[in-house]
Amino acid sequence: MSNIEQTLSIIKPDAVERNLDNEIKQMFLKNEFNIIKEKKIQIEKSEAEKFYKVHETKPFYNDLCSYLSSGPIIAMILEKENAVADNRKLMGATNPNDAEEGTIRKKYGISIDKNSVHGSDSVENAKIEIDFFFKN
Ligand code: CMP
């Protein structure tokens, strides 16, 4: 049975700044993701705080929110079978130093903060994150 899912992907400020967006999009397309919608935007820190609310008790929360709002980002809805898990696999480990060869973070990530991409961690959160960027 097919299990088509959607997930939210963000190309983060470090990657947009280095003009890596097309290369990263090509990696998604080569791996059979369809890019259903995309938009390039810069968000306010208060919006980043809302987006990353699940991390609000973490020591890195403030820096994370400052960083995500520090420059333009590209938010995308990606669709394919098992999109959530497959996107996490394609992104690689959160810390680029731990990411496997061939993953986006291994190839382009600079540090655990500047790790080039974000992807939803569950189908449930994917719905919430897609609504955050694309509901009206
Ligand atoms: P992301 O997948 O966007 O989700 C939360 C982000 O917090 C994560 O990628 C990292 O860029 C950032 N981060 C910074 N420090 C840490 C940490 N110690 N553990 C996990 N994520 C971290």
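Lysine 80 lies over the face of phenylalanine 33, at 5.4 Å from the ring centre; a charge counts as over a ring if NZ of Lys or CZ of Arg is within 6 Å of the ring centre and within 35 degrees of the ring normal. Lysine 39 is placed over the face of phenylalanine 134, at 5.3 Å from the ring centre. The model is predicted: local features need pLDDT of at least 70, side-chain atom pairs count only at pLDDT 80 or more, and totals for chains, interfaces and linings use all residues. Residues are numbered from 1 along each chain as its sequence is written, and side-chain values use heavy atoms, with hydrogens and water left out.

**Aromatic pairs**

- Five aromatic pairs are found in a search of the whole structure; rings of Phe, Tyr and Trp (its six-membered ring) pair if their centres lie within 6.5 Å, with planes under 30 degrees apart counted as stacked, over 60 as edge-to-face and the rest as tilted.
- The rings of phenylalanine 28 and phenylalanine 33 are edge-to-face, because their centres are 5.7 Å apart and their planes stand at 80°.
- Phenylalanine 28 is buried at 0% relative accessibility, and phenylalanine 33 is buried at 2%; buried means under 20% relative accessible area, exposed over 50% and partly exposed in between (1.4 Å probe, protein chains only).
- Phe51, Tyr52, Phe132 and Phe133 form a cluster linked by ring pairs.

**Nonpolar cores**

- The largest nonpolar core has 17 residues, of which Ile11, Ile24, Phe28 and Ile104 touch the most other members; a core is a set of buried Ala, Val, Leu, Ile, Met, Phe, Trp, Tyr and Cys residues joined through side-chain atoms within 4.5 Å.
- Two or more residues of this core come from each of H1, helix H2 (21–30), S3, H5 and helix H6 (104–108); helices (H or I, at least four residues) and strands (E, at least two) are DSSP runs, numbered from the N terminus.
- Another core, of 16 residues, lies apart from it, and Ile10, Ala48, Tyr52 and Tyr61 are among its members.
- Beyond its neighbours within four places in sequence, isoleucine 11 contacts residues including Val16, Asp21, Ile24, Ile73, Met76 and Val117, where contact means heavy atoms within 4.5 Å.

**Helix H2**

- Asp21, Ile24, Lys25, Met27 and Phe28 are the buried residues of H2.
- Seen down the axis of H2, these residues fall within an arc of 150°, so they line one face of the helix; the arc is that of the directions from the helix axis to the C-beta atoms.
- Asn22 and Lys30 are exposed on the face of H2 turned away from its buried side.
- Glutamate 32, which follows H2, has a positive phi near 70°.

- In helix H4 (residues 61–68), the buried residues are Tyr61, Leu64, Cys65, Tyr67 and Leu68.
- They are on the same side of H4, because they cover an arc of only 160° around the axis.
- The cover over the buried residues of H4 includes strand S1 (4–11), helix H1 (13–17), helix H3 (45–51) and strand S3 (73–81).
- The buried residues of H7 include Ala126, Glu129 and Phe133.
- Glu124, Lys127 and Ile128 are exposed on the other side of H7.

**Methionine 91**

- Methionine 91 lies in helix H5 and is buried, with a relative accessible area of 1%.
- Leaving aside neighbours within four places in sequence, methionine 91 is in contact with Thr103, Ile104, Arg105, Val117, His118 and Gly119.
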